[in-house]
Amino acid sequence: MNRRLRPKGGLFSSLIFRRIIAFCFDFLVFALPCAGLAVAARLILGKLSIENTFWITFSLALMGPIGFFLRDLSGQSPGKRLMGLRIVKVDGTENVPALRLFFRHVTLGLWPVELHFLIRSGGEMRLGDRIMETKVIRI
């Protein structure tokens, strides 16, 4: 990221803020387009039998959450890349196994607990990061 564009101090430079913006960006990139395609498929294919329409719509709607769970397998989702963040092991090494990156998302359903851990750690580690021994750093 260009140093001149990087905000200096305050809320915009905090790791928590950057992680929340990255999460929202990833949600927009992965979930909303698939939901829109599912709705469009339902409207366009409405003349088909209910079973066929259901499975096509269901498949398109499922692509968003699957993409959302797989977004960090390289250590950086599109949102993290945009915000200058990266997932590393707790010891600071960057070669985090893909399964560890995938399973750190299992706890996202417990978002109030996740938010609590995120705030307490200053933005480095949420519950899923603690369990999988990963953390998010600025690069």
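**View 1. R86 and its partner E94.** R86 comes out as buried, with 16% relative accessibility (buried is under 20% relative accessible area, exposed over 50%, and partly exposed in between, using a 1.4 Å probe and protein chains only). Its salt-bridge partner is E94, with the closest N and O atoms 3.2 Å apart (a salt bridge is a side-chain nitrogen of Lys or Arg within 4 Å of a carboxyl oxygen of Asp or Glu). E94 itself is partly exposed, at 48% relative accessible area.

A quick note before the other views: this is a predicted model, where local features need pLDDT of at least 70, side-chain atom pairs count only at pLDDT 80 or more, and totals for chains, interfaces and linings use all residues. Residues are numbered from 1 along each chain as its sequence is written, and side-chain values use heavy atoms, with hydrogens and water left out.

**View 2. E114 and R126, a salt bridge at 3.0 Å, N to O.** Helix α5 holds E114, while R126 sits in the loop between α5 and α6 (127-132), so this pair ties together parts 12 residues apart in sequence (helices are DSSP runs of H or I with at least four residues, strands are runs of E with at least two, and both are numbered from the N terminus). Both E114 and R126 are buried.

**View 3. R104 reaches D72 across the chain.** Here the side chains of R104 and D72 form a salt bridge of 3.1 Å, N to O. The pair links distant parts of the chain, 32 residues apart: R104 is in the loop between α4 (98-103) and α5 (111-120), and D72 is in the loop between α2 (50-70) and α3 (78-83). Both residues are buried.

**View 4. K135, buried without a salt bridge.** This lysine belongs to strand β2 (residues 134-138). Which side chain of opposite charge is nearest to K135? That would be E124, 4.3 Å away (Lys and Arg count as positive, Asp and Glu as negative, and His and the chain ends are not counted). Leaving out residues up to four places away in sequence, K135 touches R86, I87, V88, K89, V90, E124, M125 and D129 (contact means heavy atoms within 4.5 Å).

**View 5. The largest nonpolar core.** Its eight residues are L15, A22, M83, L85, I87, V96, L101 and V136 (a nonpolar core is a set of buried Ala, Val, Leu, Ile, Met, Phe, Trp, Tyr and Cys residues joined through side-chain atoms within 4.5 Å). Two or more of the residues come from each of α1 (15-44) and β1 (85-89). Looking past neighbours within four places in sequence, L15 is in contact with L85, G122, G123, E124, V136 and R138.

**View 6. The one aromatic pair in the whole structure.** F102 and F103 pair edge-to-face, 5.2 Å centre to centre with 80° between the planes (rings of Phe, Tyr and Trp, the last by its six-membered ring, pair if their centres lie within 6.5 Å; planes under 30 degrees apart count as stacked, over 60 as edge-to-face and the rest as tilted). F102 is partly exposed at 26% relative accessible area, and F103 is partly exposed too, at 40%.

**View 7. E133 and its positive phi.** Phi of this non-glycine residue is near 55°. Most residues other than glycine have a negative phi. E133 lies in the loop between α6 and β2 and is partly exposed, with a relative accessible area of 46%.
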